[in-house]
Amino acid sequence: MEYTFRDDLIFVGGHWQKGRGAPIASLFAAEGCVNTTLSGAAAEDMELAIARARDAQPGWGSLKPHERATVLYRISEGIAANIDRIAWVQSRDTSKTLTETRALATSAAGTFRYFAAVAETSDDLLTVPRGDYTTASIHEPLGLVAAITPWNSPIASDAQKVAPALAAGNAVLLKPASWSPLVSLELARIAEEAGLPQGLLSVLPGSGREVGNALVEHRDIAKVSFTGGTATGRRLAHAAAEKLMPVSLELGGKSPTIVFEDCDVDLAIAGILFGIFSSSGQSCIAGSRLFVQRSMYDAFVARLVDATRALVVGHPFDAETQVSSLVHPEHREAVERYVALARDEGGTILCGGTRPEAAALQSGAYYMPTIIAGLDNTARTCREEIFGPVLVVMPFEDEADVIAQGNDNDYGLACGIWSTDHRRCRRIAAAIRAGTVWINTYKQFSISTPFGGDGESGIGREKGRAGLRAYQRQKSIYVDMSGQPHPWARWP
Ligand code: NAP
């Protein structure tokens with residue numbers, strides 16, 4: 001299905017207007033052509049968005065949770081009714097397969113529905129008093145929240161921040177990545193049609209270093225919720241520290257997948273392929289370090305390489321495609337630099353390591369699914385996030401060895417374990433440093449299950465019922481029940 005791109009307008013506090021910042025070209029990297037060029041947001045647009053948010057937020061924040069939830073349910077329905085358009089826009093903007101972008105849009109609808117339900121079913125606390133008074137702990141909105149998102153799964157990342165922040169009673173200023181500016185604007189249209197009051201949501205595509213940074217430093221912004229690279233996250237954390245502002249950081253990963261000799265080999269191979277090569281490896285949770293028990297290493301790796309060679313690399317709109325183009329030619333160059341580094345470090349390329357040969361793919365930013373062996377866990381290729389279809393595979397001896405190697409990395413986002421010994425799986429799940437552990441499965445998500453990373457993979461958790469609380473502050477209230485003056489205050 002083909003759609004057309006919309007007018008060159010951004011969403012500034014409920015008003016569609018032309019951005020006054022630098023132009024942003026949205027690229028269809030799979031075909032090497034420009035989708036459309038957008039006038040990005042400038043500092044003046046951000047100031048206007050903040051002023052409109054300041055006006056609108058108190059009214060929204062003082063609505064009853066079930067009243068806010070009504071609007072969020074309508075946004076969820078609006079997303080669900082526009083899945084095909086959202087998927088098309090996102091596939092054009094990021095070159096992800098339509099199959100994947102449809103799933104992401106469906107999950108975004110679910111995220112709005114979930115946080116509407118959480119908002120209207122969350123309780124404040126009546127706490128146990130230690131005197132003759134009633135004590136309560138209540139939750140209030142923070143005010144204005146900046147949400148800064150990356151290009152790899154924009155509609156899902158946007159929803160994970162915008163839905164709980166709005167449900168909690170805040171106004172949101174959303175800055176999408178410059179490589180994927182379009183789909184967040186689709187979300188703004190749906191929110192507007194759903195009746196979200198003006199001013200509560202702005203979508204400000206613009207440079208991270210300018211608009212993103214200015215948002216973070218702005219005195220009216222009460223929280224920043226960021227998903228992106230670790231280097232950027234660290235810069236944001238410094239800026240947030242200056243303001244003593246809460247910040248949640250969902251950052252990068254270099255997640256270990258561990259395969260024991262007693263695993264179900266077919267299940268493991270399917271899970272490993274999906275874990276690293278779906279989304280062309282452009283996934284924070286990609287299982288990019290594979291540890292295989294030495295007793296089965298050669299046979300298992302040989303089967304994995306055969307299965308990898310059989311993956312269909314192709315156009316994102318082709319239903320058969322498993323591995324599509326990377327998001328941008330510059331990103332492919334970054335991936336290629338890592339594969340060159342792996343060769344310099346002494347690695348052996350078991351498959352891939354090149355651009356595809358097919359004539360039909362030459363104008364796109366495609367890269368063949370790649371497996372590298374012969375490196376040890378200390379190599380840079382094994383330590384740093386590549387964010388592309390590149391897997392490093394290493395042997396291990398036993399449980400203790402693989403826990404030590406798995407944890408010997410600065411990131412701590414996810415881990416996969418393949419074994420039929422469920423006690424062992426639970427032991428490793430407890431010992432490994434990771435925000436999420438998948439046992440005999442990989443890259444599965446549920447909005448009701450918290451998600452986030454440890455170490456260089458971030459601070460804080462999104463999703464789950466507590467995901468709403470990340471956008472609220474707690475206030476304690478004491479109500480006197482005695483009617484007596486305080487005994488300390490005596491006077492004649
Ligand atoms: P990025 O370069 O860190 O950018 C992320 C966002 O931050 C973009 O909107 C970017 O804007 C903005 N930004 C850049 N510099 C900024 C600054 N100084 N102040 C404020 N904002 C700034 O990351 P990316 O390349 O888009 O995304 C890939 C990374 O995201 C990977 O490391 C991946 O692992 C991580 N990720 C993590 C999760 C998770 O949940 N843990 C999920 C998805 C992705 P511009 O685009 O304009 O530069």
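Reply: On a 1 Å grid laid over the protein atoms alone, a pocket is an open set of points with protein on both sides within 12 Å along at least five of seven lines, whereas a cavity is a set of points where a 1.4 Å probe fits but cannot get out; a lining residue has an atom within 4 Å of a point. The model is a predicted one, in which local features need pLDDT of at least 70 and side-chain atom pairs count only at pLDDT 80 or more, while totals for chains, interfaces and linings use all residues. Residues are numbered from 1 along each chain as its sequence is written, and side-chain values use heavy atoms, with hydrogens and water left out.

The second largest pocket is lined by 18 residues, and those nearest its centre are Pro65, Arg68, Asp124, His139 and Gln472. Two or more residues of this lining come from each of α2 (65-81), β6 (133-141) and α15 (466-469), where helices (H or I, at least four residues) and strands (E, at least two) are DSSP runs numbered from the N terminus. The largest share, three residues, is that of β6. The volume of the second largest pocket is about 250 Å³, a volume being the space filled by probe spheres set on grid points that are joined across faces, edges and corners. By class, its lining holds seven nonpolar, five polar and six charged residues; here Ala, Val, Leu, Ile, Met, Phe, Trp, Tyr, Cys and Pro count as nonpolar, Asp, Glu, Lys and Arg as charged, and the others, Gly among them, as polar.

The largest cavity has a volume of about 140 Å³, and of the 14 residues that line it, Arg6, Asp7, Leu182, Leu185 and Glu186 are the closest to its centre. The elements giving two or more residues to this lining are β4 (33-39), α3 (83-94) and α6 (182-193), and α6 gives the most, with four residues. Seven nonpolar, one polar and six charged residues make up the lining of the largest cavity.

The second largest cavity contains about 70 Å³ of space, and its lining of 13 residues has Ala286, Ser288, Glu385, Ile386 and Phe387 nearest the centre. That lining divides into six nonpolar, five polar and two charged residues.

For Leu251, a backbone N or O atom lies 2.7 Å from a nitrogen atom of the ligand. Taken alone, the ligand exposes 910 Å², of which the protein buries 86%, with accessible areas from the Shrake-Rupley method and a 1.4 Å probe.

Key: A polar contact is a pair of N or O atoms within 3.5 Å; within protein, one must be able to donate a hydrogen and the other to accept it, and residues adjacent in sequence count only if both atoms are side-chain atoms.
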